[in-house]
Amino acid sequence: MTDKLEALSQPVGWTTQEELNEANGGVGWMFLSPMKQPDEIALYSQEYVTALLNENAELKASLSEWEDCKHDGATYHDMSGRERCGRCGADL
Ligand SMILES: [Zn+2]
């Protein structure tokens, strides 16, 4: 996790399911510290959620690069002398 994500990972506030249910008119209580109630909900900034989604998309993209490997990249020999794909590490 980057320093920026670490900083954003702190909730901006807390509320409860009851407060959300009662916020029909758009107004409900939000607290600045945890209330230690069973239905407590931590609230996170949109910036944090967006950063997590972006990181997730990047990881998925790099994962599919590995899964889709057809072994036409560089190869290397591992410590036992076997030739392996430099991208996915498969035994060739
Ligand atoms: Zn490969």
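Is Trp29 buried or exposed, and at what relative accessibility?

1. The structure is a predicted model, in which local features need pLDDT of at least 70, side-chain atom pairs count only at pLDDT 80 or more, and totals for chains, interfaces and linings use all residues. Residues are numbered from 1 along each chain as its sequence is written, and side-chain values use heavy atoms, with hydrogens and water left out.

2. The zinc ion is held by Cys69 (SG), His71 (ND1), Cys85 (SG) and Cys88 (SG), at 2.2 to 2.4 Å. Donors are N, O and S atoms within 2.8 Å of the metal (3.2 Å for Na, K and Ca); water is not among the atoms, so sites may look incomplete. The angles among the four donor atoms run from 99 to 118°, and the site is tetrahedral (four donors with all angles between 85 and 135 degrees). Along the sequence, the spacing of the donor residues is C-x1-H-x13-C-x2-C.

3. Trp29 counts as exposed because its relative accessibility is 61% (exposed is over 50% relative accessible area, buried under 20%, partly exposed in between, with a 1.4 Å probe and protein chains only).

4. Two aromatic pairs are present. Trp29 and Phe31 are stacked, with 6.2 Å centre to centre and 20° between the planes. Tyr44 and Tyr48 have ring centres 5.5 Å apart and planes at 35°, so this pair is tilted. Rings of Phe, Tyr and Trp (its six-membered ring) pair if their centres lie within 6.5 Å; planes under 30 degrees apart are stacked, over 60 edge-to-face and the rest tilted.

How values were computed. Tetrahedral: all angles 85-135°; square planar, octahedral: opposite > 155°, others 65-115°.
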